[in-house]
Amino acid sequence: MYYFILLITLLSAELLYFRLADNFNIIDKPNERSSHTRITLRGGGIVFPVGILIYFFSNGFEYLWFVSGLLLIAGVSFVDDIRGVSQKKRLLFHMTAMLLLFYQWELFSLSWYYLFLVLIFCIGIINAYNFMDGINGITGGYSLAVIGMFWYIDRYVVSFIDPGLLYVTGLSLLVFNFFNFRKKAKCFAGDVGSVSMAFVILFILGKLILRTQDLSYMILLVVYGIDSLLTIVHRIILRENIFEAHRKHAYQLLANELKWPHTYVATIYMVLQILIFVGYEWLHEWRFYYLMGVVLTLSFIYCGLIGKYGKLHCNH
């Protein structure tokens, strides 16, 4: 009953935000770099930090420093959705939020250079997750798949986090997907949604890795990771500004150039990540070899797509 009430509360909060976004003209206008053609409400992903806040207040203020960092990074992202924030200010907020997360993870016993490397790596993950938010359903669908895998690990492999956090995050994703995982989306996640969800998933993944001392669990983000990393490499080779909007991700190629429906592409990313995880659990004794094999296979697929269909984009 508690989770049903929570679901209704999150749904009501999302609908209330739609009214506010409509009144204050918080919208996303398509341009030549967009994967969309309709003006759509932006910031629907605000339901993610709202869900975490509800969890926080109803569970004895659990994970205080994580929630503080989430509110900080969600706040600056929401402002960025409305009127824009400079890259320097945004980076400062991201770094501060990550330091709060480090405190929650109890990492400050490490040497400063390890902390610096982890900081750069984590900020890279957050920004990569944000860059991947470009078509209907991909952020909500992929994130729901990842949260489902976390739930399986916590329940059947090793207990590493309060399952209530997973349930609340999953419910907020269900609410968002109801409005976004469709041909004509009612709303987009916005930076407040994609960055917040990246922060939440990063926190949970960090808890898992610290609990198990097993870095191979990075495989839970491998589909997003390979697409993001190789796209950055590709753009560097082309001497492009990697921080500017573009249409060179594999999912953008499938959706924009090959005209595959957004929901199909999002489903492919979800299913592919789940299947990779199933193989990982099945071959866990050889997990690092499996991880390397998956990385190589996904890299070949990406390069094959770019090699065969990338010119379609260049001709536009």
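This is a predicted model: local features need pLDDT of at least 70, side-chain atom pairs count only at pLDDT 80 or more; totals for chains, interfaces and linings use all residues.
Visitor: Why is α6 called roughly antiparallel to α7?

Guide: Two packed helices are described by the angle between their axes and the distance between the axes. Axes are lines fitted to C-alpha atoms, for helices over the stretch in contact, and angles run from 0 to 180 degrees between N-to-C directions; helices themselves are DSSP runs (H or I, at least four residues), numbered from the N terminus. The axes of α6 (residues 138-157) and α7 (residues 163-180) come within 10 Å and cross at roughly 160°. Therefore α6 counts as roughly antiparallel to α7, since angles under 35 degrees are roughly parallel, those over 145 roughly antiparallel, those from 65 to 115 roughly perpendicular and the rest oblique.

Visitor: Which residues of α6 and α7 meet?

Guide: Contact means heavy atoms within 4.5 Å. The residues of α6 that meet α7 include Leu144, Ile147, Phe150 and Trp151, and among their counterparts in α7 are Leu166, Tyr167, Leu173 and Phe176. By class, this contact of α6 with α7 has 10 nonpolar, 6 polar and 2 charged residues, where Ala, Val, Leu, Ile, Met, Phe, Trp, Tyr, Cys and Pro count as nonpolar, Asp, Glu, Lys and Arg as charged, and the others, Gly among them, as polar.

Visitor: Why is α5 called oblique to α8?

Guide: The axes of α5 and α8 come within 8 Å and cross at roughly 140°. That value makes α5 oblique to α8. Among the residues in contact are Cys122, Ile125 and Ile126 of α5, which meet residues of α8 including Val195, Phe199 and Leu202. By class, the contact of α5 with α8 has 10 nonpolar, 2 polar and 1 charged residues.

Visitor: How do you know that the span of α2 agrees with its number of residues?

Guide: The expected span of a helix is 1.5 Å times one less than its number of residues. Helix α2 (residues 47-58) has 12 residues and should span 16 Å, and because its end C-alpha atoms are 16 Å apart, the two agree. Helix α5 (residues 112-131) has 20 residues and reaches 28 Å from its first C-alpha to its last, close to the 28 Å expected.

Visitor: Why does Ile73 count as buried?

Guide: Buried means under 20% relative accessible area, exposed over 50%, and partly exposed in between (1.4 Å probe, protein chains only). Ile73 has 0% relative accessibility, so Ile73 counts as buried. This residue lies in helix α3, and Ile73 touches His94, Ala97, Ile126, Val195 and Phe199, not counting residues up to four places away in sequence.

Visitor: Is Phe56 buried or exposed?

Guide: Phe56 has a relative accessible area of 7%, so Phe56 is buried. Phe56 lies in helix α2, where the buried residues also include Phe48, Ile52 and Tyr55. What covers the buried residues of α2 includes α1 (2-23), α3, α7 and α8.

Visitor: What makes Arg239 exposed?

Guide: Arg239 is at 80% relative accessibility, and therefore counts as exposed. Arg239 is found in the loop between α9 and α10 (250-257), and has a positive phi of about 60° although it is not a glycine.

Visitor: How do you know that Lys259 is exposed?

Guide: Lys259 has a relative accessible area of 61%, so Lys259 is exposed. Lys259 lies in the loop between α10 and α11 (262-282), and phi of Lys259 is near 65°, a positive value in a residue other than glycine.

Key:
Residues are numbered from 1 along each chain as its sequence is written. Side-chain values use heavy atoms; hydrogens and water are left out. Helices (H or I, at least four residues) and strands (E, at least two) are DSSP runs, numbered from the N terminus.
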